[in-house]
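Subject: A structure for you to look at

Hello,

Here is the structure I promised to pass on. Please open it first, and then read my notes below.

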Amino acid sequence: MVEALHDAGVVVTGAGGGIGAALARRFAAEGARVVVNDLDAGRAKAVAEEVGGIAVEGDASAVVSDALEALNGVVDVYCANAGVAFGGDSLDEGAWAASWDVNVMAHVRAAHALLPGWLERGSGRFVSTVSAAGLLTMIGAAPYAVTKHGALAFAEYLSLTYRHRGIKVHAICPQGVRTDMLAATGSAGDLVLKPTAVEPEDVAEALFRGIEEDRFLILPHAEVAEYYQARAATPDRWLAGMNHLQQKWEEVR
C-alpha cells in the first residue's frame, strides 16, 4: 500500500476501459477517492460503480473543474490517460488535429488548471499515459507516434520545472497492452505490439512500483529501456532496424 494515496483525490481520464479502468481500480484499492472520466457516460458510470468512485463524463480537456467539484476542491493525482490513435502517414488534418488535442493539449490544459493549487499546497502528482511510441516511434501511425513524443516532452517539462516545488510526474510508456486500442492497430500492431502485449493491470502495477520508487519513467516492458538506449547511442543503426520492420510490415499487410 502507498500510504500517501489513502483518501487522495484522484482523476483518471479515459477510464471507461483498458489502462484507465485498471488505474481507477488500483487507486481505489489504495483507498483513494476516484473520479472516473470517459466520453462514454455508460462506461464511466460502470467503472465508477465498480470502484466506488464518481463518474464524470465528457472531454478529457475540460474535466478538471467538474472533478474538483466532485472531490471537494482538491485533486491530489491527475492521470492524463485518455488518448486516440490514428494509423497512416498521410496529411489527414482531422486525424492530426484530434491527436494533438487529446494526446497533448488535454495534458497541457489539465496541468494549467491544476498547477496553481498544487504549487500553493506544495504537492501534486501528474501521471501521463504516453506509450513506448513516445520514446521510440511506431510504424504506420504518424499522428500517434509524433503526438506521443509531444506528451513525453510535456511530462519531462513538468518534472524538470516543478519537482523542487513538490510536484511528482510519471510518464507511463508501455508497448502493446491488450485493449481496444491495440485491437484497432491492425496488421502493424499484430507485427510489433501483439507478441509481447501485457494486460492493463500490469501497467497499473508498474505505475505503483514507480510511485513507490519515485521514478519518472514507467516501463511495463523492461526491454524498452534497452531500445531507448540503442536509439540514442546509434540512431542510424536503430532507424535502419525500424526500416527493416517497416519493410516486413509492407510484405504482410
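Let me start with a question: is Asp 7 buried, partly exposed or exposed? Asp 7 is partly exposed, because its relative accessible area is 44% (buried means under 20%, exposed over 50% and partly exposed in between, with a 1.4 Å probe and protein chains only).

Before going further, a word on the basis. This is a predicted model, in which local features need pLDDT of at least 70 and side-chain atom pairs count only at pLDDT 80 or more, while totals for chains, interfaces and linings use all residues. Residues are numbered from 1 along each chain as its sequence is written, and side-chain values use heavy atoms, with hydrogens and water left out.

Now the overall picture. The protein has eleven helices and seven strands; these are DSSP runs numbered from the N terminus, with helices being H or I of at least four residues and strands E of at least two. The C-alpha trace spans about 55 × 40 × 35 Å along its principal axes. Of the 253 residues, 48% count as buried. Looking at contacts (heavy atoms within 4.5 Å) between residues at least 6 apart in sequence, 67% join residues at least 24 apart.

Next, the charged side chains. Side chains of opposite charge can pair when their charged atoms come close. A salt bridge here is a side-chain nitrogen of Lys or Arg within 4 Å of a carboxyl oxygen of Asp or Glu, and by this rule the count is ten.

Asp 7 takes part in one of them, with Arg 33, and the closest N and O atoms are 3.2 Å apart. Asp 7 sits in the segment before strand 1 (9–12) and Arg 33 in strand 2 (residues 33–38), so the pair ties together parts 26 residues apart in sequence. Arg 33 is partly exposed too, at 28% relative accessibility.

Another salt bridge joins Arg 121 and Asp 76, at 3.5 Å from N to O. This pair links distant parts of the chain, 45 residues apart: Arg 121 is in helix 4 (residues 93–121), and Asp 76 is in the loop between helix 3 (64–70) and strand 4 (77–80). Arg 121 is partly exposed at 39%, and Asp 76 is partly exposed at 23%.

Arg 109 and Asp 101 also form a salt bridge, with their closest N and O atoms 2.9 Å apart. Finally, have a look at Arg 25, Glu 50 and Glu 201, which are linked in a network of salt bridges.

Enjoy exploring!

Best wishes
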